[in-house]
Amino acid sequence: MEKIRIQKIMSDSGVCSRRKAEEYISEGRVKVNGRPCKLGDKALAGKDIITLDGEKIYVAKKRQLYYIMLHKPRGYVTTMSDELDRKCVTELLTKVPERVYPIGRLDKNSEGLLLFTNDGNFANDIMHPSRHVAKTYRVTVRPDINDEQLIKLASGVEIDGKMTQECSVVVLDKQPGRVVLQMTIHEGRNRQIRKMCEAVGLEVARLKRTAIGPIKLGMLKPGEYRELKPDELRALRNAITKK
């Protein structure tokens, strides 16, 4: 039996995403056979005893994989649980028999398409910036926008000390005091759309993610979710740019 990286075993078990597992390992919260492990360590899934904060992680031999799309409403945070007792997106997934976790995130005041899975490899492929999976947003900004601001947004602005990649920006609607944009990015930086708009002097009044790669939010209502169809899943896998 081949040994597997511990963060992969944890993500495959549905405990958390691979990225979160790496955080737990770095914080010294994960042990293998009673001994603290470090990033890069491997173990035998189902044989070695892996614990997180003292609780054993169980690895099912055969586990059904779920790929779910949710229309996240405003007012929910994208976490599995929240110490401030705020509403979490996982509370909306009432009939999913397996524990699934969000792929990426939307902040509390944002809404729209959010994907969930218990497939750690799939989640890692979607989130990793090298895969270049497009994310499309409908962004309402105030008060108005000029050509210079549009060019800056499209060509790249500096946020958190680093330039953003080129992106697509289209004006969908323009009225006195508000403009509706469609923005498509290929990165996943924290609050990226909001920070990009703020960097060019625009206030974001509303932010809604409408698509991830070829998967569109469509007519799914806020708070509703469904499993991805086989053809949608194939299209999404095909959209992932391999290294």
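Cys88 has a relative accessibility of 3% and counts as buried (under 20% relative accessible area; exposed is over 50% and partly exposed is in between, with a 1.4 Å probe and protein chains only). The structure is a predicted model, in which local features need pLDDT of at least 70 and side-chain atom pairs count only at pLDDT 80 or more, while totals for chains, interfaces and linings use all residues. Residues are numbered from 1 along each chain as its sequence is written, and side-chain values use heavy atoms, with hydrogens and water left out.

The cysteine sulfur closest to that of Cys88 belongs to Cys16, at 16 Å, which is too far for a bond. A second case is Cys197, which is buried with a relative accessible area of 0%. Its sulfur lies 9.0 Å from the closest cysteine sulfur, that of Cys167, and this too is too far for a bond. A disulfide is a covalent bond between the sulfur atoms of two cysteines. With a disulfide taken as a pair of cysteine sulfur atoms within 2.5 Å, the count of disulfides is zero.

The protein contains six helices and 17 strands; helices (H or I, at least four residues) and strands (E, at least two) are DSSP runs numbered from the N terminus. The radius of gyration is 20 Å, close to the 18 Å that the globule rule gives for 243 residues, so the protein is as compact as a globular protein of that length. The radius is taken over C-alpha atoms, and the rule is 2.2 Å times the number of residues to the power 0.38. The C-alpha trace spans about 65 × 40 × 40 Å along its principal axes.

Of the 243 residues, 45% are buried. Among contacts (heavy atoms within 4.5 Å) with a separation of 6 or more, 65% are between residues 24 or more positions apart. The accessible surface comes to about 13,500 Å², and carbon and sulfur atoms contribute 47% of this surface. Accessible areas come from the Shrake-Rupley method with a 1.4 Å probe, and for residues only the protein chains shown count as cover. There are 47 positive and 32 negative side chains, and the centres of the two sets are 4 Å apart. Lys and Arg count as positive and Asp and Glu as negative, while His and the chain ends are not counted; each charge is placed at NZ of Lys, CZ of Arg, CG of Asp or CD of Glu.

Cys197 is one of the buried residues of helix α5 (residues 192-199), together with Gln192, Ile193, Arg194 and Met196. The buried residues of α5 pack against β10 (135-142), α4 (147-155), β11 (158-159), β14 (178-185) and β15 (203-212). Val139 is located in strand β10 and is buried at 0% relative accessibility. Leaving aside neighbours within four places in sequence, Val139 is in contact with Ile193 and Cys197, and also with Val179, Val180, Leu181, Met183, Val204, Arg206 and Leu207. Between Val139 and Ala199, which are 60 residues apart along the chain, the C-alpha separation is 15 Å.

Two further buried residues were examined. Gln7 is part of helix α1 (residues 6-12), and its relative accessibility of 7% places it among the buried residues. Beyond its neighbours within four places in sequence, Gln7 contacts Arg18, Ala21, Glu22, Ile25, Leu39 and Gly40. Gln7 and Met69 are 62 residues apart in sequence, with their C-alpha atoms 24 Å apart. Ile57 lies in the loop between β6 (55-56) and β7 (67-72) and is buried, with a relative accessible area of 9%. Not counting residues up to four places away in sequence, Ile57 touches Met10, Ser13, Val15, Ile50 and Leu52. From Ile57 to Leu113, 56 residues apart in sequence, the C-alpha to C-alpha distance is 30 Å.

Most residues other than glycine have a negative phi, and most peptide bonds are trans. Asn33 is not a glycine but has a positive phi of about 55°. This residue lies in the loop between β2 (30-32) and β3 (35-36) and is partly exposed at 44% relative accessibility. Arg191, also not a glycine, has a positive phi of about 50°. Arg191 sits in the loop between β14 and α5 and is partly exposed, with a relative accessible area of 40%. After α5 comes Gly201, with a positive phi near 85°. The peptide bond joining Arg142 and Pro143 is cis, with omega about -5°; Pro143 falls in the loop between β10 and α4.
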